[in-house]
Every structure is written in structure tokens, then in C-alpha cells.
Amino acid sequence: MKDLKFLISLFILLLSAISSQAQRAEIQFTQNWEFTGGSVTGEEIHEIVDIPHTWNAKDAQEGIPYFRGEGVYTKSFTPDIAWKNQRLFIRFEGVMTIAQVYLNDELLGEHRGGYSAFIFELTDKIIFGQENTVKVIADNSYSLEVLPLFGDFNIYGGIYRPVNLLVTPQVCISPLDFASPGIYLQQTRVTKESATVDAKVLISNATSESQNITVSATLMDATGNSLETLQKDISAK
């Protein structure tokens with residue numbers, strides 16, 4: 001699989017807005033996670049939670065030390081048969097502070113840093129026709145390798161921002177570039193009369209062959225009216 005970057009240059013009078021659309025379904029993956037973790041009292045916590053979640057939200061409010069260590073989140077689901085022959089990703093908007101993510105006990109990867117999104121592809125590891133289990137080990141222990149080390153705030157632990165599944169075609173605008181949308185807009189020239197904007201789009205092709213596709217960008221005004229649409233035919237390898 002290769003990723004392809006290309007530029008669409010746009011020039012128009014009185015630029016107001018630009019909109020790009022891609023065939024991508026986003027599914028909330030936030031309810032009914034099983035959580036197991038420690039506490040400042042030494043007791044182990046077992047509960048069903050919804051994301052966003054942190055295991056020590058109230059500790060600091062009560063003026064007591066808060067637990068820093070591991071918390072384990074698991075969620076089982078049966079993949080929709082409609083996702084077959086599609087690509088499937090899981091995107092986390094934030095886990096504090098170090099996260100290890102597993103699917104069916106296979107490690108997908110690790111992410112360090114609690115303030116940035118990250119994503120893993122599940123396509124080749126998902127099993128249709130049965131339950132699959134996602135497990136996240138979230139660790140907010142003190143670590144010299146991950147900032148911040150301390151401050152006038154608490155280093156809470158957990159999956160404290162939303163989680164989503166993304167379903168895309170085999171050829172898609174890639175979400176794998178640091179969990180970004182895969183579309184980048186840069187104003188290269190702006191005056192009172194006109195503006196030039198470059199739209200850089202990252203295309204990902206998961207098939208074994210080159211695919212001929214058309215990418216389009218539509219320029220709209222502030223009220224949502226379409227002003228101009230530009231298209232570019234490319235071969236995604």
C-alpha cells in the first residue's frame with residue numbers, strides 16, 4: 001500500500017470557504033466499556049463506563065492524592081457485515097498518558113502523550129461473524145519520557161476524549177497521518193482582491209493495483225452556496 005500526495009491549486013476572487021468531502025462513515029465507539037483500575041484507597045475498581053472517562057476525576061476535588069498507574073478498558077463488538085471489503089480504523093482523540101491498544105489480544109500499537117489524537121487500522125485484523133474485543137491499557141504513571149511531568153494541574157488517567165470507528169473504501173483520503181483528516185489547506189497568497197489556496201490531499205490505496213480516481217474540491221461562500229468546483233484525475237498506486 002502506498003500513499004500519494006498531490007496539490008490542487010485554487011484561485012478565486014473573494015475567497016470565503018473551502019469544503020472537501022470524502023466517503024467516510026464515523027461511528028461513535030463510546031458506550032459500555034468495561035473498566036478495571038486502581039484507586040488511592042488500594043481497592044480495585046470494576047465498572048461499566050462511557051467514554052470520555054477518567055478514574056480520578058474527584059480525587060483532587062476532595063483534597064487527596066490521586067491514583068497514578070494503569071487502567072484497563074475493554075469493549076466487545078460484532079462488526080457490521082456491511083463493513084466487509086471496506087477499511088476499518090479506530091481513532092482516539094486523547095488517552096492519558098501512555099496507551100497500548102489491542103484487538104483480540106493482538107497489540108496494534110502504543111501511543112505516548114495525552115494531548116494528541118492517534119489512530120490504528122483494524123482492517124486486516126477484524127474477524128467477521130463473531131465478537132471482537134478492543135482493549136486499551138491507559139497508564140498515567142510518572143514517566144521521564146512523556147511530558148508534562150508535573151504542573152499546577154492534575155495528570156488524570158483514562159480515555160478522556162471520544163473514540164470513533166472510521167469506515168472507508170479501499171481507496172480513501174487517509175486518516176493515518178497522525179490521525180489528521182488527511183486534507184491540508186495553505187493560503188499561499190492573500191490580498192484584498194483575491195487569494196490563492198493550495199489543498200493538499202493524502203490518498204491511501206489499500207488494493208494491490210493502481211486505481212484511477214477523481215478528487216474534487218468545492219469552494220463555497222459564507223452562506224454555503226457553491227462558487228466553483230475543481231476536479232483532478234489521478235492514479236492512486
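Student: Which residue in β11 is the bridge partner of Lys 75?
Tutor: Keep in mind that this is a predicted model. Strand β6 covers residues 70-77, and it pairs with strand β11, residues 132-139, in the antiparallel sense over eight bridges. Look across from Lys 75 into β11, and the bridge partner is Val 134.

Student: And the charged end of Lys 75, over which ring does it sit?
Tutor: The charge has to be within 6 Å of the ring centre to count. For Lys 75 the distance is 5.2 Å, and the ring belongs to Phe 29.

Student: Which strands stand at the edges of the open sheet of six strands?
Tutor: Read the order across the sheet, with its antiparallel pairing: β5-β4-β6-β11-β8-β9. The two edge strands each have a single partner, so one side of each is left without a neighbour in the sheet. From one strand to the next, the twist averages 20°. The edge strands are β5 (45-49) and β9 (106-112).

Student: How many aromatic pairs are there, and is the pair of Phe 92 and Phe 118 stacked or edge-to-face?
Tutor: The structure holds eight aromatic pairs. In the pair of Phe 92 and Phe 118, the ring centres are 5.0 Å apart and the planes meet at 15°. Planes under 30 degrees apart count as stacked, so this pair is stacked.

Student: How many residues apart in sequence are the parts that this pair ties together?
Tutor: Phe 92 is in strand β7 (residues 87-92), while Phe 118 is in strand β10 (residues 118-121). Both Phe 92 and Phe 118 are buried. The pair therefore ties together parts whose separation in sequence is 26 residues.

Student: Is Thr 168 buried or exposed?
Tutor: You'll find Thr 168 in strand β12 (residues 163-168). Leaving aside neighbours within four places in sequence, Thr 168 is in contact with Gln 23, Arg 24, Gln 86, Arg 87 and Phe 89. Its relative accessibility is 1%, so Thr 168 counts as buried.

Student: How far apart in space are Ile 234 and Val 215, C-alpha to C-alpha?
Tutor: Ile 234 is part of strand β17 (residues 226-236), and at 11% relative accessibility it counts as buried. Ile 234 and Val 215 are 19 residues apart in sequence, and in space their C-alpha to C-alpha distance is 7.7 Å.

Terms used:
Residues numbered from 1 in each chain as written. Predicted model: local features only at pLDDT ≥ 70, side-chain atom pairs only at ≥ 80, totals over all residues. Heavy atoms only, no water. Phe/Tyr/Trp six-rings, centres within 6.5 Å; stacked < 30°, edge-to-face > 60°. Helix = DSSP H or I, 4+ residues; strand = E, 2+ residues; numbered from the N terminus. Buried < 20%, exposed > 50% of the residue type's maximum accessible area, 1.4 Å probe, protein only. Lys NZ or Arg CZ within 6 Å of the ring centre and 35° of its normal. Pairing = 2+ DSSP bridges. Axes fitted to C-alpha atoms, helices over the stretch in contact; angles between N-to-C directions. Contact = heavy atoms within 4.5 Å.
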